[in-house]
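The following paragraphs lead the reader through a structure, one chain after the other. Please keep the sequence and the three-dimensional view at hand while reading.

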Amino acid sequence: MHLAEGIVPLPVLAGGAVLAASGVAIGLRKLDEERIVPVAVMASSLFVASLIHVPVGPASAHLVMNGLAGLILGWAVFPAMLVALLLQALFFGYGGLTTLGVNTLNMALPGVLCFLLLRPLMYGGRSVFVVGFFAGALAVAVACTMLCLTLLTAGRGIIPLAQGVFLAHVPVMLVEGLVTGSAVSFLYRVRPETFALWSKPEWSAAHATIS
Amino acid sequence: MRPYLSACMKWRLKPAKLANPHLWCRLPACILKRTCCKYGAGWKPAPQMASPLALSKHALKSNAMLRALVPVLIVAAASPFAYGHALHLFASVSGDHIEGKAYYSDSPAAGIPVTIVGPDDEILATVRSDVSGTFTWHPTKRCDLRFVAESEDGHRTEFTIAAEELPRSRSAPEPEPSVIEVAAEDGPDDSDRSSPSSADLERLVAEAVSREVAPLREQLDAATHRTQLRDIVGGLGYIAGVAGLFALWKRRTSRSDR
């Protein structure tokens, strides 16, 4: 999932960095004092999640957790992902500093997508676990698609890409869905205000009636 | 250390506070205040001792986010820290050929194309790693070699072998005539054959040493790329620090707004 240095052409790197920077700016704008700690905790889990390895045949894949982070943090997933990826690049050697922008965009944007598309479903009386499962799986799938698109600009063939990236991540999507589903349903049951931090007023009202 | 503990102790008395993220932001400031008090006049040791275990219990009881994170951390801690996803490459000279290995942090990287690049970015050959991630290549000339491995899903790594590491015979411009010459000279005199010349001896020793040292170098290479516990803990510490600094900055700006 981490794009290494020296593969993608410079314009793509620059474009990714600009888009990621605007995402981070939006995220930081929405970040007030009360929300710093949840963002830091999620950044820690994003940082650690990449160490949990899902065996997939010859390749090697790991959890991403961008779905969970997206559901909880909304746009603030961008700064959290940036910090997590920067530390992963420095400490573990995953990805690289020049590809930081593209990697942040590829992994954080699916999280925001989950926030925009799936968060409203949590208040429609549906099973929170199912929403969480789909958020986890969808976030990894979208991140894979974005990674494939980025690699296409580096002149890779689409079929080996689909095999190497997409198929390898199908088990990750399942595991990620289960982890995200259980985490979300647990948090929702025990501490629903976790999700109230970044919600629209009408969602907060729904919260008040639930809890 | 003591001001920090006493700040924590003060918190322990009101565990309900731990659930309030707003107050978490005040922890750095609280520590700072206590530190200042200690070296000023009014500092007194806290009345109650709190063991770290009791502190962490309280933190767990009253903070659901922390609790949700714990399984993740436990799984990560239980894994042998070799996990993750970065491609690495190692190559060494063994006799007249070069043996190399491509591996992910935790498993061999099979079927990875390795491009061998000479000086002036000239592509000398492309080999593919086998099931165990290894590949061999016979160098055609004695020069600096750069091995570039690139996987399908966007991982890339490089390894360089300097010209000095390659066997001496590579520098000979025309190796075949010299071999014939030596054979012709050696032909009539059988006594020379039992005692190899000093050049031969040097070559044999160099080969034997490189063969013996290769696994050690490979282990060393793998060990430097392994994820260590201190990296993980260090990273988490950085995140806490960044959050604390950001919180302080936010507080300062919100205060100046008022």
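Of the 211 residues of chain A, 58% count as buried; a residue is buried if 20 or more other C-beta atoms lie within 10 Å of its own, exposed if 12 or fewer, and partly exposed in between, with C-beta atoms placed from the backbone. The model is a predicted one, in which local features need pLDDT of at least 70 and side-chain atom pairs count only at pLDDT 80 or more, while totals for chains, interfaces and linings use all residues. Residues are numbered from 1 along each chain as its sequence is written, and chains are lettered from A and ligands numbered from 1 in the order in which they are written.

Chain A has 10 helices and 2 strands, these being DSSP runs numbered from the N terminus (H or I and at least four residues for helices, E and at least two for strands). From the N terminus, the order of its elements is α-α-β-β-α-α-α-α-α-α-α-α. Among the contacts in chain A with a separation of 6 or more, 77% join residues 24 or more positions apart; two residues are in contact if their C-beta atoms, placed from the backbone, lie within 7 Å.

Helix 4 of chain A covers residues 77-91 and has 15 residues. From its first C-alpha to its last it reaches 21 Å, close to the 21 Å expected at 1.5 Å a residue, where the expected span is 1.5 Å times one less than the number of residues. Because 12 of its 15 residues are buried, helix 4 of chain A is largely enclosed by the rest of the structure; the buried residues include A:Phe78, A:Met81, A:Leu85 and A:Gln88. After helix 4 of chain A comes A:Gly93, which has a positive phi, near 75°.

Further along chain A, helix 5 (residues 100-118) and helix 6 (residues 128-153) pack at an angle of about 145°, with their axes 9 Å apart. Axes here are lines fitted to C-alpha atoms, for helices over the stretch in contact, and angles run from 0 to 180 degrees between N-to-C directions. Among the residues that make this contact are A:Leu109 and A:Leu113 of helix 5 of chain A and A:Leu138 and A:Val142 of helix 6 of chain A. The contact comprises 16 nonpolar, 3 polar and no charged residues.

Chain B brings in sheets. Strands of a sheet pair through backbone hydrogen bonds, either parallel or antiparallel. In chain B, 4 strands form an open antiparallel sheet in the order 4-3-6-7, and two strands pair if DSSP finds at least two bridges between them. Its edge strands, strand 4 (123-128) and strand 7 (156-161) of chain B, each pair on one side only. Strand 6 (residues 145-150) and strand 7 of chain B pair over 6 bridges, and B:Thr157 is the bridge partner of B:Ala149.

Another open antiparallel sheet of chain B has 3 strands in the order 1-2-5. Strand 1 and strand 2 (residues 97-104) of chain B pair over 8 bridges, with B:His88 opposite B:Tyr103 in strand 2. Helix 8 (residues 198-225) of chain B packs on this sheet, touching strand 1 and strand 2, and its direction makes about 165° with that of strand 1 of chain B. Helix 8 of chain B contains B:Asp221, which is partly exposed, with 17 other C-beta atoms within 10 Å. The C-alpha atoms of B:Asp221 and B:Phe90 are 7.2 Å apart, although 131 residues separate them along the chain.

Conventions
Ala, Val, Leu, Ile, Met, Phe, Trp, Tyr, Cys and Pro count as nonpolar, Asp, Glu, Lys and Arg as charged, and the others, Gly among them, as polar.
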